[in-house]
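This report describes selected features of a predicted model. The sequence and structure are shown first, and the description follows.

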Amino acid sequence: MHKSPVHDFHIQHGGQMVEYAGWEMPIRYRSIKDEHVQTRTSGSVFDVSHMGRIEIKGLHAQRLLERVCSRRIGTMQAKQCRYTLICNERGGVRDDAVVMKMDDDEFLMVCNGANREKIVDHIQSVVGEHPGWKVKVEDKTLKTAMVAIQGPKVMDLISKVSQEIPSLKRWRFTTKNLMIIKAHVSRTGYTGEDGVEVILPANAVGMAMRMLMQQADPEAPDAPLKPAGLGARDTLRLEAGMPLYGHELGEDISAMACGMGFAISLDKNAEADGETFIGQEALLAEQDAGGPKQKLVGLVLDTKRTARQDMPVLAGDAKVGFVTSGCASPTLGKSIAMAYVDTAHAGVGTTLSVDCGREQPSATIVELPFYKAK
Amino acid sequence: MSTPDDRVYSESHEWFKVDGDVVTVGITSHAVDQLTDITFVEMREAGTEVSPGDALGEVESVKTTSDVYSAVAGTIAEVNADLDDNPGLINEDPYGAGWLVKIKATDTGGLESCVDAAKYDADIAG
């Protein structure tokens with residue numbers, strides 16, 4: 001099992017360690033709800049070093065990414081980040097990822113920890129099909145660390161140490177040289193809050209975390225910044241309506257069904273873009289046939305129970321869908337879930353029910369996301 | 001959190017505290033740690049007859065839903081109503097305010113399969 005370069009920090013701060021995607025990671029330090037509320041009201045620091053970081057460099061780097069990513073890459077500017085899906089030939093989702101463009105011939109892709117090896121192998125196999133391409137793919141995950149700092153007070157806190165970072169627009173990044181440490185700081189995240197994600201060398205992250213925490217004693221009750229674990233990360237992303245591979249995204253779920261249409265450039269063409277993307281043909285055929293049969297929706301349940309993955313969604317007695325994720329929403333004080341539902345029953349305002357085993361509470365379809373930062 | 005030595009513990013991480021013919025049931029600190037935040041509790045109603053091995057109800061957490069089992073025979077006398085609005089009491093005080101049910105016991109022989117605090121601590125450490 002991999003240990004994060006931030007491991008010692010987790011132990012010092014009382015992190016409860018669990019295995020996740022082959023890594024030993026903190027699920028929480030305090031109560032998950034406290035960490036969730038702290039992120040929504042002030043700020044939290046998350047270790048996300050388990051996520052895959054894949055460097056793609058060379059003359060044909062962009063062309064390779066155009067082939068692999070559902071979203072158009074050629075129109076990206078340097079120092080820009082773009083959310084994309086990585087599809088299979090059937091139009092299912094191998095993973096979702098963020099592509100960071102360093103330069104015309106250098107990119108960094110951040111993918112899910114659980115999919116890192118699969119995605120590296122997939123990209124390598126695409127390279128293998130094009131012997132003429134000059135491109136090098138290198139998995140940088142174990143040599144680097146990644147930390148997310150998220151919450152409404154985070155940019156203010158950062159403004160005390162940097163003028164440049166708070167001036168970054170959303171989905172942009174900058175590369176800082178702090179003494180001998182090179183760090184990429186992007187205005188991105190997976191919580192629905194403003195904030196940054198930082199990628200830096202594994203051997204520098206311990207010092208960086210100490211410097212960061214000097215801003216605030218995390219043990220103090222009103223500390224502006226406290227560590228938070230994967231438990232809160234999951235409830236935060238769910239409130240923010242963000243899909244997670246293995247739940248809302250999967251190899252057998254159409255990329256068109258998951259509500260991430262903005263990340264699918266169905267009009268990519270070989271002449272203008274250099275490549276079409278893997279899965280594009282299948283998705284176009286699906287669109288011509290009327291589109292996906294199910295759609296991802298948000299549900300608010302009339303119960304205190306939590307809907308769990310794969311629980312049936314019912315219209316009357318008929319199964320019309322299935323739950324992908326659920327939680328007791330700390331911000332809304334309600335039981336919320338995401339689910340795939342047959343398009344005929346997927347309209348906002350429709351009342352369905354969820355089979356929770358001992359109870360079948362009614363569930364109303366609401367707009368996603370459940371929560372939007374002010 | 002230290003494991004109180006005034007009660008016994010089951011393999012499925014319930015605790016049972018005997019006071020005359022009333023047995024109070026809860027779940028251990030170790031179980032609560034594994035479950036993470038408790039979000040919902042539903043116990044069977046007062047008046048329900050239970051036998052050793054019967055489910056007393058369910059505890060839901062951020063991570064999962066778990067059944068809680070009885071080790072004694074008897075009738076559920078009281079359900080902890082404070083947990084309806086504040087299931088987090090189980091996280092805060094699993095051996096005190098976070099108790100689940102009180103059973104008016106007719107047969108406590110099932111508690112012989114339980115262990116004392118020292119043995120329980122050794123088992124979870126092992």
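## A buried serine in chain A

A:S42 counts as buried because its relative accessibility is 6%, under the 20% cut-off. In the predicted model, A:S42 is placed in the loop between α2 and β4 (44–47) of chain A.

The surroundings of A:S42 come from other parts of the sequence: with residues up to four places away left out, A:S42 touches A:Q150, A:G151, A:P152, A:K153, A:V154, A:A223 and A:P224. One of these residues, A:P224, also takes part in a polar contact, its backbone oxygen lying 2.7 Å from a polar atom of the A:S42 side chain.

## The interface of chain A and chain B

The size of an interface is often expressed as the accessible area that is lost when its parts come together. Between chain A and chain B, the buried area is about 1300 Å², and carbon and sulfur atoms give 39% of it. On the chain A side, A:K304, A:R305 and A:R308 together supply 41% of the area which that chain buries against chain B, more than any other three residues. The contact draws 13 residues from chain A and 20 residues from chain B.

Nine salt bridges are counted between the two chains. Among them is the pair of B:E42 and A:R305, whose closest N and O atoms are 2.4 Å apart. Polar contacts across the interface of chain A and chain B involve 14 residue pairs, with both residues at pLDDT 80 or more. On the side of chain A that touches chain B, the elements giving two or more residues are β3 (23–28) and α2 (32–41) of chain A. By class, the residues on this side comprise six charged, four polar and three nonpolar.

## An enclosed strand in chain B

Strand β6 of chain B, residues 55–61, is largely enclosed by the rest of the structure, because seven of its seven residues are buried.

Strand β6(B) has pairing partners in β4(B) and β7(B). Strand β4 of chain B (residues 38–43) runs antiparallel to β6(B), and five bridges join the two; here B:V41 stands opposite B:V59 of β6(B). Strand β7 of chain B (residues 65–69) is likewise antiparallel to β6(B) and is joined to it by five bridges. In this pairing B:E58 stands opposite B:D67 of β7(B). Three residues separate β6(B) from β7(B), and the two strands form a hairpin.

Definitions and conventions
Residues are numbered from 1 along each chain as its sequence is written. Chains are lettered from A and ligands numbered from 1 in the order in which they are written. This is a predicted model: local features need pLDDT of at least 70, side-chain atom pairs count only at pLDDT 80 or more; totals for chains, interfaces and linings use all residues. Side-chain values use heavy atoms; hydrogens and water are left out. Contact means heavy atoms within 4.5 Å. Buried area is the accessible area (1.4 Å probe) that two parts lose on being put together, summed over both. A salt bridge is a side-chain nitrogen of Lys or Arg within 4 Å of a carboxyl oxygen of Asp or Glu. A polar contact is a pair of N or O atoms within 3.5 Å; within protein, one must be able to donate a hydrogen and the other to accept it, and residues adjacent in sequence count only if both atoms are side-chain atoms. Helices (H or I, at least four residues) and strands (E, at least two) are DSSP runs, numbered from the N terminus. Ala, Val, Leu, Ile, Met, Phe, Trp, Tyr, Cys and Pro count as nonpolar, Asp, Glu, Lys and Arg as charged, and the others, Gly among them, as polar. Buried means under 20% relative accessible area, exposed over 50%, partly exposed in between (1.4 Å probe, protein chains only). Two strands pair if DSSP finds at least two bridges between them.
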